[in-house]
Amino acid sequence: MPFDYKKEYREFYLPPKKPHLITIPRMNFVAVHGKGDPNAPGGAYQEAMGVLYGIAFTIKMSYKGSHKMDGYFEYVVPPLEGLWHQKGVDGVDYAHKETFEWTSMIRLPEFVTSEAFDWAVQEATAKKKKDFSKAEFLTYDEGLCVQCLHIGPYDEEPKTLAQMDAFAVEQGYRLDFSETRFHHEIYLSDPRRAAPGTLKTVLRHPVKK
């Protein structure tokens, strides 16, 4: 059976619906940075999706070609994730999505080195006749966070986030947003197929003592 990160690391991808503290280890991602409303038709965010999944599936299917990656194992492509921030805002302001600065990303298996990643960018570019130069090999060491599973529309996330932030304070922690620590979302549902009320999203906020 292909390795499934969601099932093997349930604490990161299938957490409880109650806020809790968790330390997230260092992970590698294929990432694309951008700005603007993610819902804008044909916008930068939609373009980023094509780049991310193009690289992710080039790596996943590499075993069928002549290029062999050391340590390769079959796996399920992990879910889409996003880091979100806005200038002058702690967390996110959903009323002004046009000011979002975001990093969209998909986790990479441990066998993917920076060299293997560069090969995947070149391979995807050659095969799909598309520019994949915005794809970045990103190492993110997230550290201590308050985390919760949000079920429902994205625009209702502030209710869950308020509970998370209050929980962190009750436990003796404070929010720790910075130029390297952001509001983090992991998308477990496909919004094109799931009803808004059933969407599952992992939410994380960075904290410290």
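From the N terminus on, the elements of the protein chain follow the order α-α-β-α-β-β-α-β-α-β-β-β. Along the principal axes, the C-alpha atoms fill a box of roughly 55 × 35 × 35 Å. Of the 209 residues, 48% count as buried. Buried means under 20% relative accessible area, exposed over 50%, and partly exposed in between (1.4 Å probe, protein chains only).

The model is predicted: local features need pLDDT of at least 70, side-chain atom pairs count only at pLDDT 80 or more, and totals for chains, interfaces and linings use all residues. Residues are numbered from 1 along each chain as its sequence is written, and side-chain values use heavy atoms, with hydrogens and water left out.

An unreviewed UniProt entry lists residues 18–208 as "domain: GyrI-like small molecule binding". UniProt positions are given in the numbering used here, feature names are shortened, and annotations may be inferred rather than shown by experiment. The span is 24% helix and 32% strand. Its end C-alpha atoms lie 19 Å apart.

The largest pocket holds about 720 Å³ of space. Its lining comprises 25 residues, of which Tyr45, Leu80, Tyr154, Tyr187 and Pro191 are the closest to the centre. A pocket is an open set of points on a 1 Å grid over the protein atoms alone, with protein on both sides within 12 Å along at least five of seven lines; a cavity is a set where a 1.4 Å probe fits but cannot get out; lining residues have an atom within 4 Å of a point. Points are joined across faces, edges and corners, and a volume is the space filled by probe spheres set on them. Helix H3 (44–60), strand E2 (80–85) and strand E6 (183–187) each supply at least two lining residues of this pocket. H3 gives the largest share, 5 residues. By class, the pocket lining has 16 nonpolar, 3 polar and 6 charged residues. Ala, Val, Leu, Ile, Met, Phe, Trp, Tyr, Cys and Pro count as nonpolar, Asp, Glu, Lys and Arg as charged, and the others, Gly among them, as polar.

The structure holds 1 cavity of 30 Å³ or more. The largest cavity has a volume of about 30 Å³. Ala56, Tyr75, Val77, Pro78, Ile106, Arg107, Leu108 and Pro109 line it. This lining divides into 7 nonpolar, no polar and 1 charged residues.

Arg193 lies in the loop between E6 and strand E7 (200–208). At 68% relative accessibility, Arg193 counts as exposed. Its C-alpha atom is separated by 21 Å from that of Ala56, 137 residues apart along the chain.

The count of disulfides (pairs of cysteine sulfur atoms within 2.5 Å) comes to 0. Cys145 is in no disulfide. The sulfur of Cys148 is 13 Å from the closest cysteine sulfur, in Cys145, and therefore too far for a bond. Cys145 counts as buried, at 0% relative accessibility. Cys148 is likewise buried, at 0%.

Definitions and conventions: Helix = DSSP H or I, 4+ residues; strand = E, 2+ residues; numbered from the N terminus.
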